Amino acid sequence: MKLPRRKFLHLAAGAAALPAASRIARAQTYPARPVRLIVPLAPGGATDIVARLTGQWLSERLGQPFVIENRPGGGTNIGTEAVVRAPSDGYTLLMVGTTQAINATLYDKLNYNFIRDMAPVASIIRNALVMVVHPSVPAKTVPEFVAYAKANPRKLNMASPGTGSSPHLCGELFMMMTGTSMIHVPYRGGGPALTDLLGGQVQVYFPGTVSSIEYIKTGRLRALAVTTVTRSDALPDIPTVDEFVPGYEASSWFGVGAPKNTPPQIIDKLNKEINAGLADPKLKARFAGLGGTALPGLPANFGKLIADETEKWGKVVRFVGIKAD
């Protein structure tokens, strides 16, 4: 049977609209099953802690489990690429942090372009890093530490969650600006790095306040300084590195990303709920107690943050001359 041209075009247009209508319907009922939130680092670090608090909030708000899945390795590249390659349906999300911005320059060849292949969903918090030492280190202030490190060149081991991570670059920047020399010991995440610092296998670390604040408060680690230009509300008695090393500044940030082409309705829903969490007094207090400052905003705001940080840390990586192993 031969259809009249007008009727054929009408039916074709209707058929073409079906996939779009189906996507909209799926977005409206999202989430209809559990959602995976990939943390590209080992459990126990700052990224993992922020992910679990965020996942719990989203689970309660949206009525489906947001399951935290740790996929460490490759300096966050293994977990990041898994999300980049995942279906763009909102059921596989990524905890994004400063490391992804650093990796854009740190690695000569990546199987993805983070800014191109990842859709920003929402920023969560920014937090200071803190220079902590094992109690066996005799220094109690930054000037004392600098003097001790200069008297014992390459005798101190500096932990990091991995080569090119923000704690690593914070340490490299510190060495560069103070003329000290320490041995960098990379781990597969912040949790293992903290474990060895607590055990005395390494002597110094620049973790986020999120993962280290309880150890500082209980005296298991000694905080010498925070890395931001202003003191942390969570650690008001701890000076800044800048007070002793003028011009020193660094911080880390966290957010959620999704594979590109994820329906905007899903991204907007997640963004709305994460922002609601950042305004919730209880969750806001949890983040503040860990030294985090809320970063509410639209997906576009988070995209700009990622682009700006990629440019900033790219300059540091090139200046220091670091390359991934």
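The lining of the largest pocket takes at least two residues each from strands β4 and β11, and β4 gives the most, with three residues. This is a predicted model, where local features need pLDDT of at least 70 and side-chain atom pairs count only at pLDDT 80 or more, while totals for chains, interfaces and linings use all residues. Residues are numbered from 1 along each chain as its sequence is written, and side-chain values use heavy atoms, with hydrogens and water left out.

**The pocket and the cavities**

- The largest pocket has a volume of about 260 Å³. A pocket here is an open set of points on a 1 Å grid over the protein atoms alone, with protein on both sides within 12 Å along at least five of seven lines. Volume is the space filled by probe spheres set on the points, with grid points joined across faces, edges and corners.
- Its lining has 16 residues, and Arg231, Ser232, Asp233, Gly291 and Thr293 lie nearest the centre of the pocket. To count as lining, a residue needs an atom within 4 Å of a point.
- How many cavities of 30 Å³ or more are there? The count comes to two. A cavity is a set of grid points where a 1.4 Å probe fits but cannot get out.
- The largest cavity holds about 300 Å³ of space. It is lined by 28 residues, with Leu41, Thr47, Thr99, Pro161 and Ser166 nearest its centre.
- Helices α2, α4 (98–106) and α7, along with strands β3 and β10, each supply at least two residues of that cavity's lining.

**The whole protein**

- The protein has 12 helices and 11 strands. These are DSSP runs numbered from the N terminus: helices are H or I with at least four residues, strands are E with at least two.
- Its C-alpha trace spans about 90 × 40 × 30 Å along the principal axes.
- Of the 325 residues, 53% count as buried. Buried means under 20% relative accessible area, exposed means over 50%, and partly exposed is in between (1.4 Å probe, protein chains only).
- Among contacts with a separation of 6 or more, 79% come from residues 24 or more positions apart. A contact means heavy atoms within 4.5 Å.

**The six-stranded sheet**

- Six strands make an open sheet in the order β2-β1-β3-β10-β4-β11, and the pairing is mixed. Two strands pair if DSSP finds at least two bridges between them.
- The edges are β2 (66–70) and β11 (292–294), each pairing on one side only. From one strand to the next, the twist averages 30°. Angles run from 0 to 180 degrees between N-to-C directions, using axes fitted to C-alpha atoms, for helices over the stretch in contact.
- β4 (residues 118–128) and β10 (residues 251–259) run antiparallel and are joined by nine bridges. Arg126 has Trp253 as its bridge partner in β10.
- Helix α2 (residues 46–62) packs on this sheet, touching β1 (35–39), β2, β3 (92–97), β4 and β10, and its direction makes about 160° with that of β2.
- Helix α12 (residues 299–320) packs on the sheet as well, touching β3, β4 and β10, at about 70° to the direction of β4.

**The five-stranded sheet**

- The order in this open sheet is β7-β6-β8-β5-β9, with mixed pairing.
- β5 (residues 130–133) runs antiparallel to β8 (residues 204–205), with two bridges joining them. Val133 has Val204 as its bridge partner in β8.
- β6 (residues 157–160) pairs with β7 in the parallel sense over four bridges, and Met158 has His184 as its partner in β7.
- β6 and β8 also run parallel, joined by two bridges.
- β6, helix α7 (residues 166–178) and β7 make a right-handed β-α-β unit. Right-handed means that, with the strands pointing away from the viewer, the path from the first strand over the helix to the second runs clockwise.

- Beyond its neighbours within four places in sequence, its contacts are Pro40, Leu94, Gln100, Tyr112, Phe114 and Met118.
- Thr209 lies in helix α9 (residues 209–217) and counts as buried because its relative accessibility is 0%. Leaving out residues up to four places away in sequence, Thr209 touches Asn127, Ala128, Val130, Leu235, Leu290 and Gly291.
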